[in-house]
Amino acid sequence: MAAAFAYISNAQGGGDAAGWRQRLGAALGEAIDLRAWPDIGDPADIAIALAWKPPPGVLARLPNLRLIVSTGMGVDHLLVDPELPAGVPIVRIIDPGLVGQMAEYAIYWLLHHHRDMDAYAAQQRSRQWHEVPFTDTALRRVGVLGLGEIGANTARKIAALGFPTAGWSRSPRRIDGIDCHHGRDGLEDVLRRSDVLVDVLPMTAQTAGLLDARAFARMPRGAFFVNMARGGHVVDRDLLAALDAGHLAGAALDVFHVEPLPQDHPFWSHPKVKVTPHIAGPTNPRTAAESVAENVRRLRTGRPLLNLIDPAAGY
Ligand code: GLV
C-alpha cells in the first residue's frame with residue numbers, strides 16, 4: 001500500500017522538504033519517507049501530498065493519492081489546478097507560527113503609518129528636527145477584512161494596542177473587543193470607518209475584485225491599506241487612482257495578481273506603495289507540523305479530518 005509523502009512546490013513560502021521531513025517525522029514519532037518533487041520516484045508510492053503552488057496537473061499523476069495538504073493557509077493555489085483530482089480530500093494547515101507572523105506584518109505597517117515613520121525618514125535625510133502632529137491611538141480606527149484564524153488573531157492584537165478595531169466576515173462572528181460586522185452592508189460600514197484597512201480574506205469568487213474604486217472611495221481620506229491576503233482582491237488601477245488622487249495615504253502590499261510582481265508594474269516605483277515579496281506569513285514546518293500530523297493520524301485510523309476544504313466555497 002502506498003505510504004510515502006511528497007512535498008510538491010516550485011515556489012517560495014510553503015516550507016521546505018527537509019524541514020517537513022524532519023518536523024513531520026518528529027510529530028508522528030517515526031522516520032517518514034518524504035520525497036521532494038520532482039524527484040518523487042514511483043508516483044504510485046505517494047499517499048499524501050504536501051503542496052504549495054504545485055504545478056497544475058502534478059497531483060493528478062499520483063494514482064494512489066489519499067490526502068492533499070495545503071502547506072499554506074490559503075488553498076486557492078490548489079483550486080486553480082484544472083486537473084485537481086476529484087474525490088481526494090484537501091486539508092489546510094493551521095500554523096500558529098504563520099498566524100503570528102501575519103499579525104506582525106499588519107502591526108508593523110499599522111505602526112509605521114500611525115507613527116509617521118516615512119515623514120521622519122524624509123526629515124532625517126535633510127537633517128530636520130520637527131514633530132509631526134501625532135494622532136491619538138484611540139482615534140486611529142482599524143478595520144480587518146476576514147475574521148478566520150489569521151484575521152481574528154490580528155484584530156485581537158491590534159485592539160490590545162489600543163486601536164479601535166472592527167472586523168468583517170462573510171458570516172456573523174463574535175470576538176471580544178472587536179466590533180464585528182458581516183454581509184454586504186457590514187462591509188460598507190467597516191470600509192467607512194477604517195483609517196487603516198487590513199485585508200486577510202481568502203481568495204474566492206466573492207472576494208475577487210472586492211477592493212475597487214467604490215470600496216476605496218468609501219474609506220476615509222488619508223487612509224492606509226495593507227494587503228496581506230491575495231492580490232486578486234484588488235483592482236490595481238483603482239488603488240493607484242485612489243493613491244494618486246490623494247484619497248489614500250499609502251498601501252503596503254505583500255500579494256499581487258501575478259507573483260513575482262512583474263518588473264514593469266507601477267507598484268514597484270510608486271512613492272506611496274510598499275512592496276514585499278509575499279513574505280507576510282511564511283509557513284514554518286516547526287510550528288505547522290502538528291496540524292499535518294494530526295490529519296495523518298486521522299487518515300490512518302479512519303477518523304474525520306480537520307480543517308477540510310470545501311472546493312465549492314473555495315476555503
Ligand atoms: C500564504 O499565502 C498562505 O496561504 O499561507
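Colleague: Arg-214 first. Buried, exposed or in between?
Modeller: Arg-214 is partly exposed, at a relative accessible area of 47%. The classes are buried under 20% relative accessible area, exposed over 50% and partly exposed in between, with a 1.4 Å probe and protein chains only. This is a predicted model, so local features need pLDDT of at least 70 and side-chain atom pairs count only at pLDDT 80 or more, while totals for chains, interfaces and linings use all residues. Residues are numbered from 1 along each chain as its sequence is written, and side-chain values use heavy atoms, with hydrogens and water left out.

Colleague: Which side chain does Arg-214 meet in a salt bridge?
Modeller: Glu-188, at 3.7 Å from N to O. A salt bridge here is a side-chain nitrogen of Lys or Arg within 4 Å of a carboxyl oxygen of Asp or Glu.

Colleague: Where do Glu-188 and Arg-214 lie?
Modeller: Glu-188 is in helix 6 (residues 183–192) and Arg-214 in helix 7 (residues 213–218), so their bridge ties together parts 26 residues apart in sequence. Helices are DSSP runs of H or I with at least four residues, strands are runs of E with at least two, and both are numbered from the N terminus.

Colleague: And Glu-188, buried or exposed?
Modeller: Glu-188 counts as buried, at 12% relative accessibility. Glu-188 also forms a salt bridge with Arg-218, at 2.4 Å from N to O. Arg-218 lies in helix 7 and Glu-188 in helix 6, so this pair ties together parts 30 residues apart in sequence. Arg-218 is partly exposed, with a relative accessible area of 27%.

Colleague: What about Asp-189?
Modeller: The side chain of Asp-189 meets that of Arg-192 in a salt bridge of 3.7 Å, N to O. These two residues are three apart in helix 6, which means about one helical turn separates them. Asp-189 is partly exposed at 35%, and Arg-192 is partly exposed at 46%. Through shared partners, salt bridges join Glu-188, Asp-189, Arg-192, Arg-214 and Arg-218 into one network.

Colleague: How many salt bridges does the structure hold?
Modeller: 14.

Colleague: What does strand 4 pair with?
Modeller: Strand 4 (residues 67–70) pairs in the parallel sense with strand 3 (residues 46–52) over four bridges. Three bridges join strand 4 to strand 5, again in parallel. Val-69 of strand 4 is the bridge partner of Leu-50, and in strand 5 the bridge partner of Val-69 is Val-91.

Colleague: Which way do the strand 4 side chains point?
Modeller: Leu-67 and Val-69 point one way, Ile-68 and Ser-70 the other, and all are buried. In a regular strand, side chains alternate between the two faces of the sheet.

Colleague: Now pockets. What is the volume of the largest one?
Modeller: About 890 Å³. On a 1 Å grid over the protein atoms alone, a pocket is an open set of points with protein on both sides within 12 Å along at least five of seven lines, a cavity is a set where a 1.4 Å probe fits but cannot get out, and lining residues have an atom within 4 Å of a point. Points are joined across faces, edges and corners, and the volume is the space filled by probe spheres set on them.

Note on methods: Pairing = 2+ DSSP bridges.
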